[in-house]
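Please keep the structure open while reading, as each group of points refers to particular places in the chain.

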Amino acid sequence: MAMEQELKALRVRIDDLDSKILDLISERARCAQEVAKVKMANLAEGEHPVFYRPEREAFVLKNIMERNKGPLGNEEMARLFREIMSTCLALEQPLHVAYLGPEGTFTQAAAIKHFGHAVVTKPMAAIDEVFREVVAGAVNFGVVPVENSTEGAVNNTLDSFLEHDLVICGEVELRIHHHLLVGKNTKQDHITRIYSHAQSLAQCRKWLDAHYPNVERIAVSSNADAAKRVQSEWNSAAIAGDMAASLYDLTILSEKIEDRPDNSTRFFIIGNQAVPPTGDDKTSIIVSIHNKPGILHDLLEPFRRNHIDLTRIETRPARSSKWSYVFFIDFKGHCSDPLIKAVLEDMGKGSIGLKVLGSYPQAVL
Ligand SMILES: C=C(O[C@@H]1C=C(C(=O)O)C=C[C@H]1O)C(=O)O
């Protein structure tokens with residue numbers, strides 16, 4: 001009886017707190033609506049309003065994480081605020097986001113992690129189509145994978161940047177957990193084929209060698225596509241993540257089969273809008289250079305001299321001529337910072353071409 005009384009009193013307190021949280025969230029949402037009105041009222045002739053402000057959202061999330069005293073962890077708290085912001089922004093303007101589909105891919109999970117659940121997501125069949133959808137203005141933003149910590153660069157994404165003029169507005173990092181999935185009619189010892197995206201098969205190579213050395217591995221266009229296939233196909237399994245497993249109603253035979261426990265993928269948010277600095281930003285550039293002795297050293301030297309932190313460098317064949325290359329370089333800093341500006345100017349002089357793909361807030365979550 002005493003316990004019942006204690007619980008009753010606690011629940012009264014929780015109800016009271018919930019009603020205060022409800023009022024506060026509603027007040028916050030009204031504030032966001034006011035923000036939208038101010039943005040609309042201050043437009044220059046022909047100017048489009050910018051509702052989504054990634055630099056402001058990064059600040060809000062970081063601020064929450066710094067001020068959080070527990071017992072909820074910083075990430076959990078930030079995720080709750082991510083959703084509050086997402087719904088507040090949807091009151092200003094519902095965002096439409098294209099991603100590398102089909103439904104249930106890790107890219108969709110990355111889109112939701114970055115924008116929250118209030119966005120309208122649109123699956124595209126290929127990375128290039130995500131770019132084209134953004135260029136055409138059919139969506140506000142696109143989400144594409146860039147690199148995986150186990151398997152390296154996603155070349156289709158890098159090549160698409162050579163063909164389309166888009167701005168990188170953000171990055172998302174996602175821990176990638178792969179599972180071995182089967183449909184209702186397949187038994188563990190009857191598997192003759194395993195489907196997944198080539199990247200995912202590679203990320204689970206050792207596990208597959210140990211557990212299914214003689215089973216055929218078939219690369220398909222995405223792991224969600226693999227999951228969809230095995231829903232109806234007997235004696236075959238798919239490697240895919242949680243979202244695909246629940247979306248296609250599959251049974252998890254083995255969980256977290258990726259070879260490296262820290263296996264993560266980085267995604268870019270692509271759009272048309274340049275993002276102001278937050279003080280904790282990254283910049284991505286493409287540089288093409290003439291092949292002559294010492295040129296790569298010369299290209300990178302200004303970074304060393306100015307203590308700029310290079311976070312990634314990737315090479316791709318240039319489209320212009322055989323055996324010439326372009327470099328994709330990411331570094332810490334914002335292109336509006338005078339030091340970075342000077343370095344980029346310096347680099348531009350020694351190169352055939354230099355293009356800033358965007359400066360954007362470093363991933364908060
Ligand atoms: C409210 C604003 O608009 C959007 C919503 C935000 C929010 O809910 O906190 C933050 C940034 C914008 O994406 C704003 O620009 O401040």
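The secondary structure of this predicted model comes to 12 helices and 15 strands. The C-alpha trace of the chain spans about 85 × 65 × 40 Å along its principal axes, and 34% of its 365 residues are buried. Of the contacts in the chain with a separation of 6 or more, 75% are made by residues 24 or more positions apart.

**Shell around the ligand**

- The residues that surround the ligand are Ala32, Val35, Phe51, Tyr52, Arg53, Arg56, Glu57, Val60, Met85, Cys88, Leu89 and Glu92.
- Three helices, α1 (2-41), α2 (54-67) and α3 (74-92), each supply at least two residues of this shell, and α3 gives the most, with four residues.
- By residue class, the shell around the ligand divides into eight nonpolar and four charged residues, with no polar ones.

**Strand β3 and its partners**

- Strand β3 (residues 141-148) is largely enclosed by the rest of the structure, because eight of its eight residues are buried.
- With strand β1 (residues 96-100), β3 pairs in the parallel sense over three bridges, and within this part of the chain Tyr99 has Val143 in β3 as its bridge partner.
- With strand β11 (residues 264-271), β3 pairs in the antiparallel sense over six bridges, and the bridge partner of Val144 is Phe268 in β11.
- Strand β4 (residues 152-153) runs antiparallel to β3 and is joined to it by two bridges; Asn148 has Gly152 in β4 as its bridge partner, and the two strands form a hairpin with three residues between them.

- Strand β12 (residues 281-288) and strand β14 (residues 325-332) pair in the antiparallel sense over seven bridges, and Val287 stands opposite Phe327 in β14.

**Annotated span**

- According to an unreviewed UniProt entry, the annotation "domain: ACT" covers residues 284-361.
- In the model, the end C-alpha atoms of residues 284-361 lie 12 Å apart, and the span is 29% helix and 38% strand.

- When residues up to four places away in sequence are not counted, Val326 touches Leu162, Ile286, Val287, Ser288, Arg316 and Ala318.
- For one of these, Arg316, the separation from Val326 is 10 residues in sequence and 5.5 Å in space, C-alpha to C-alpha.

How values were computed:
Residues numbered from 1 in each chain as written. Predicted model: local features only at pLDDT ≥ 70, side-chain atom pairs only at ≥ 80, totals over all residues. Pairing = 2+ DSSP bridges. UniProt positions renumbered as here; feature names shortened; annotations may be inferred. Near = placed C-beta within 6 Å. Nonpolar A, V, L, I, M, F, W, Y, C, P; charged D, E, K, R; others polar. Contact = placed C-beta atoms within 7 Å. Buried ≥ 20, exposed ≤ 12 C-beta atoms within 10 Å, placed from the backbone.
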